[in-house]
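This briefing covers helix packing and strand pairing in the structure shown below.

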Amino acid sequence: MKPFLSEDFLLSNDTAKTLYHQYAEKMPILDYHCHINPQEIAENRQFDNITQVWLGGDHYKWRLMRANGIPEEEITGTACSDREKFQHFAEVLPKAIGNPLYHWTHLELKRYFSYTGTLSPETAEEVWNLCNRKLQTSALRVRGILQQSHVKLVCTTDDPIDSLVWHQKIREDDTCGVKVLPAWRPDKILKINQAEFAPYLQQLAAVSETSIATMPELFRALQKRLDFFNQMGCRTADHGIDTVPYAPAEESELNRILLKAARGNTPDKAETEKYLYAMLLFLGREYAKRGWVMQIHYGALRNANSAMFQKLGADTGYDSIAVQDCSAQLAGFLDVLERTKELPKTILYALNPGDNAMLDSLAGSFQGSGIQNKIQHGAAWWFNDTKSGMEAQLKSFANFSVLGNFIGMLTDSRSFLSYTRHEYFRRILCNLLGTWVENGEYPADIQTLGKLAENIAFYNADRYFGFGLAEQGELSHEN
Ligand SMILES: O=C[C@H](O)[C@@H](O)[C@@H](O)[C@H](O)C(=O)O
């Protein structure tokens, strides 16, 4: 029987082991989409305890604790101590067999705390004391975690009106050792049917020093912010939308919808879709002009529990997978941009894994223009970043396109200890490649396969986003 979490964890044959240990493992990390806070990097935050790191903002863990019947106020509230919250997590984890958190948690304990045991109610006290002791060392301040994880670049998730002051501070501080670039996330200006749209519009007008009463004026305001983000090194945009719309409308109607929302009146469903479609078209063209990558995360059924949404807000673990068919709208959206040659490099993430084949087949209709897999089916997202979800996304990408051009993994996380998700992904990738070889489905050409593994782990993303780390010789670690 294979020992738990050995150095050959998830690697079921010799070819897989070779590909991982001799190629993928040593590649640095380029985390092109995450939700970590740049201020904590700028200030090199030191965490007081493991609860702050693990349970401070990670809704994956919160969901596990809720499933175990822990009251909300003892998960995200203040009804118990950090130590008691940690105990709650230690109680549920041994029961979460098959959940990626069981693997991620123990990979993090092993890699960052050199703990090779397993977390349980019985070991919680020992693990709590060990982790908290190590968290007081500089190695486990935020920058130490990034450096020991071999992270070379992260793209955070930033609002268009953000001053990017922390990115500027990091830029000026050459001791940081990690490139921290903003990523443009315009969700608040896209969600015209949300209560905070009107006040947000006023904030955008103020920050961009542009009065906004019409769509052209809104576009002008956004262009100013796009230019600012571009100067700050931004090379990608991300959008978390419930569905992809296809709803052409005249400018006069769009101006009316904008004014209606600016006055605090909520647009109806059809108006909301027309506005969102116009905005995505405008933004897609702007991204293409700047050579940015457009990421679209769609298909979440957000805030299903309305009482908890009211109490805790968004991104708190009360979302789920929506089942819908927006294939025709997505195709229409991509086609309108492509017809005028204004389709940017695009990464599509569907929360419903049932869309995998649709995405990979649709992407094949918009490739070309000198970019390898210009349209990418993104890494298994959120409820899909499990062992089976990652395997499904990789197989679908391979079945319909050129897996060797895939730009690989991202953490999409709010926790600085989540970089072991890249290790998890690389092990799953190498096991898949190795299994195909050992089943005689691909020649045992280790050099070619090794290059594929290195490219998917790092080089493809570096080239696709145009970060140029490889050319700048920024791979000082083993590379
Ligand atoms: O892995 C989970 C993700 O971080 C999820 O929390 C995000 O995708 C978030 O909902 C967003 O819209 O950006």
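**Helix packing and strand pairing**

The axes of helix α12 (residues 215-231) and helix α13 (residues 251-262) cross at roughly 75° and come within 9 Å. Helix α12 is therefore roughly perpendicular to α13. The model is predicted.

**Contact between α12 and α13**

- On the α12 side, the contact involves M215, P216 and L218, which meet E251, L254, N255 and L258 of α13.
- By class, the contact of α12 with α13 comprises five nonpolar residues, one polar residue and one charged residue.

**Strand β2 and its partners**

- Strand β2 (residues 151-155) has five of its five residues buried, so β2 is largely enclosed by the rest of the structure.
- Strand β1 (residues 29-31) runs parallel to β2, and three bridges join the two.
- Within this pairing, I29 has V151 in β2 as its bridge partner.
- Strand β3 (residues 179-181) is likewise joined to β2 by three bridges, and the two run parallel.
- Here the bridge partner of L153 is K179 in β3.

**The four-stranded sheet**

- An open sheet is formed by four strands in the order β4-β5-β8-β9, with parallel pairing.
- Its edge strands are β4 (236-241) and β9 (375-377), each of which pairs on one side only.
- From one strand to the next, the twist averages 15°.
- Strand β8 (residues 345-350) pairs with β9 in the parallel sense over three bridges.
- In β9, H377 is the bridge partner of L348.

Technical notes: Residues numbered from 1 in each chain as written. Predicted model: local features only at pLDDT ≥ 70, side-chain atom pairs only at ≥ 80, totals over all residues. Heavy atoms only, no water. Axes fitted to C-alpha atoms, helices over the stretch in contact; angles between N-to-C directions. Parallel < 35°, antiparallel > 145°, perpendicular 65-115°, else oblique. Contact = heavy atoms within 4.5 Å. Nonpolar A, V, L, I, M, F, W, Y, C, P; charged D, E, K, R; others polar. Buried < 20%, exposed > 50% of the residue type's maximum accessible area, 1.4 Å probe, protein only. Pairing = 2+ DSSP bridges.
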